[in-house]
Amino acid sequence: MHAILGAHGISVSSDFFLWSQGPLQALLPHAILVCAQLGADGSVLRSEAWHSAVLDPVQLRDINDTRDGQVARLAQAWRAGGRKAAVIGQVLVHGNVMAGGGSFFALFCASLPDPARQAYVLELLLPYLHLHWLALQERVRVPVAGLAASRAASARELEVLHWVSIGKSNEEVGQILGISGGTVKSHLQRIYKLFGVSNRTQAVSRGLALRLLSH
C-alpha cells in the first residue's frame with residue numbers, strides 16, 4: 001500500500017527515480033530498473049535504466065539498445081512466454097500491451113528468493129509503473145509554458161537538476177546517474193540555455209518556479 005500511495009505523488013522524473021529507489025526497492029529489491037516504451041508491434045521504441053550505482057556506459061548501452069540490447073531480448077522472450085509476469089534468468093519482467101503500443105519493465109535482481117511472490121507483486125504494481133512511466137514521456141515532450149527555448153527539458157536534464165537542487169556537486173551527480181562529471185556539466189549548460197539563466201542557483205530557482213522540482 002505504501003508503494004501504491006507513493007506512486008500517486010510522481011510528477012517529474014526525479015519523483016519516479018526516488019519512488020523506484022524507495023517504496024519499489026523495498027518491495028522488489030533490484031540493482032537496475034529498466035523502463036521501455038513499446039510500439040504497436042511489441043518492439044522496443046526507447047528505454048531508460050534507473051539505478052543508484054555507477055554503471056559503465058558500455059553496460060548501459062548493452063542494456064538499453066532497442067534492437068539487440070538486453071531489454072529488447074527480454075521483451076521478446078516475455079512476449080513469447082505469454083506476456084505474463086515472469087523471471088528470466090535473474091531479471092523480473094512484465095509489461096502492458098495495448099492498441100498502438102505499451103510498456104515493458106525489467107528489474108535486474110541480485111537474488112530472487114521467492115520468484116512467484118515477486119512476480120505477483122510486480123503484476124500488482126504494473127498499472128502504476130505503466131501510468132507514470134508513459135506520463136513522464138509525454139511531459140518531457142511538451143514544452144514548458146514560459147520557456148524561451150524551442151524544446152522541453154529532457155528526463156536526464158530534470159534528473160541532473162533535481163540532484164543539483166539538493167546540493168550535489170557535478171561529480172556526485174555523475175556517480176548517482178552513472179555518467180561523468182563533465183557530462184553533468186554539459187547537461188547543466190543546456191539547462192542554463194533552456195531556462196535563460198547563467199548559474200546553478202538560478203537554474204534551480206527557475207525549475208522550482210516552473211514546478212519541475214519539488215520544494
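In the predicted model, V44 of strand β2 is the bridge partner of L38. Strand β1, which spans residues 32-38, pairs with β2 in the antiparallel sense, and six bridges connect the two. Together, β1 and β2 form a hairpin in which five residues lie between the strands. Within this turn, G42 adopts a positive phi of about 90 degrees. Strand β2 comprises residues 44-50, and because five of these seven residues are buried, the strand is largely enclosed by the rest of the structure.

Burial is also a feature of helix α7, which covers residues 155-165. Nine of the eleven residues in α7 are buried, and the helix is thus mostly covered. After α7 comes G167, which has a positive phi, near 95 degrees.

Helix α8, formed by residues 170-177, contains N170. The relative accessibility of N170 is 19%; since the cut-off for burial is under 20%, N170 counts as buried. The side chain of N170 makes a polar contact of 2.6 Å with the side chain of R200. When residues up to four places away in sequence are not counted, N170 touches R200 as well as G181, V184, K185 and L188.

Conventions. Residues numbered from 1 in each chain as written. Predicted model: local features only at pLDDT ≥ 70, side-chain atom pairs only at ≥ 80, totals over all residues. Heavy atoms only, no water. Buried < 20%, exposed > 50% of the residue type's maximum accessible area, 1.4 Å probe, protein only. Helix = DSSP H or I, 4+ residues; strand = E, 2+ residues; numbered from the N terminus. Pairing = 2+ DSSP bridges. Polar contact = N/O pair within 3.5 Å; in protein donor to acceptor, adjacent residues only side chain to side chain. Contact = heavy atoms within 4.5 Å.
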